[in-house]
Amino acid sequence: MPRAIWSGTISFGLLNVPVKLYSAVARRGISLREIRESDGSRIRHRRVAEGTEEEVPYEEIVKAFEITPDRYVPLSKDEMEALAPAKTRAIEVQDFVDLDQIDPIYFDSPYYLGPAEGAEKAYSLLAEAMEESGKVAIARFVFRNKEHLAVLRPSDGVLTLTTMRFADEVVPPSELEEVLPEGKQKVAKKEVEMAEQLIDSLTTEFDPAAYRDEYREELLALIERKAEGKNVLAAPAPEEPEATRAPDLMAALEESIAAVKGVDKGKAKARKAKPAAKPAATKKSKAAAKKRSSSRSKPKASK
C-alpha cells in the first residue's frame, strides 16, 4: 500500500480539511551502474576540490552563486536556512478557475490527496463541490523546503494535486528565435483543409494503456538475453526521416490520407472475411429436421 509522503491541511475560506499526500506515479526507469569495461570494477564518484584533487567532506561543502567564471558568492547553511520558506502545513487555496484555462506547459508532478483520519466527510464535501462546479483550485504550499504552486482537482471522488511551474519559469516562444526564425509562414487554405482531414482520420479516444515505454521493454529484454549468456547483435540504427519540403506538402498529405484509408479498408475486409455465424434454428426448422430423421430411420414394410 502506498505510504503518505507529506501531511497538511487544505485551507480556503473558513474550511480546513486535513489531508495526506501520496505520489501519483511509479517511476519505471531502469537503474544502471557504471563499471570499468575491462574487469567490471564499480565506478564511484567523489567530491574533490578542483586543482588539488583532495576529497572534501560533505559537512564542509556550502552553496555558492557563480557571478562570473571562477567568481562565486558563497551562501552559508545558516543563510540558506533563514531564507527557506516557513515550514507550514497548509495548502492555501487562492483561486478557483476553469481547468481549460491552464496551459499544460505549467504542469509538473502529480500527486493524490487523501483524507486524514476524521476528515473523510469534509474531504468528500470539497471533492463533490469541486466536481459539481467544474472548477479547479490554485493553491500554494511548502513541500521539501520549497514553496510550490499547485492545482487541485477532483477525479472520481479523489482529490489530486499537481505542482506547477511559476510564470517566470516558462520560456515564452517569442524569446526563441530558432522556433520560427523567419516568422509565421503563410499556408494555403487547401493545405490546411487537407491537414485537418488527416488529423480527423487519425483521431481516436485516448487510452493511456495503448502507449508503452518500448525503449524500457527492449532494454530489459536485452539485459535478460545477455544475463543468459546469449550473443546479442547490435541492431542497425534507424534511418532519419527526411523533412517534408514546402512544395511536397500537398503530395505528402494526400499520400498520408490514402494510407490511413487503406488501413481502414484492410480492417473492414478482415471483418467481412470472417465466416458468418450460422443462424439459430427455429422451432419449426427443428421439428422438420426431426421428422425427416424419423422417416429415414423407419424400416420399410415387407410385401
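Thr 163 is found in strand β11, residues 158-164. Strands here are DSSP runs of E with at least two residues, helices are runs of H or I with at least four, and both are numbered from the N terminus. The model is predicted, so local features need pLDDT of at least 70 and side-chain atom pairs count only at pLDDT 80 or more, while totals for chains, interfaces and linings use all residues. Residues are numbered from 1 along each chain as its sequence is written, and side-chain values use heavy atoms, with hydrogens and water left out.

Thr 163 counts as buried because its relative accessibility is 4%. Buried means under 20% relative accessible area, exposed over 50%, and partly exposed in between (1.4 Å probe, protein chains only). Leaving aside residues up to four places away in sequence, Thr 163 touches several residues, among them Tyr 106, Phe 107, Phe 141 and His 148. Contact means heavy atoms within 4.5 Å.

Lys 87 lies in the loop between α1 and β7 (90-98). At 69% relative accessibility, Lys 87 counts as exposed. Its C-alpha atom is separated by 8.9 Å from that of Arg 144, 57 residues apart along the chain.

The lining of the largest pocket comprises 7 nonpolar, 2 polar and 4 charged residues. Ala, Val, Leu, Ile, Met, Phe, Trp, Tyr, Cys and Pro count as nonpolar; Asp, Glu, Lys and Arg count as charged; the others, Gly among them, count as polar. Helix α1 (residues 77-83) gives the largest share of this lining, 3 residues. A pocket is an open set of points on a 1 Å grid over the protein atoms alone, where a 1.4 Å probe fits, with protein on both sides within 12 Å along at least five of seven lines; lining residues have an atom within 4 Å of a point.
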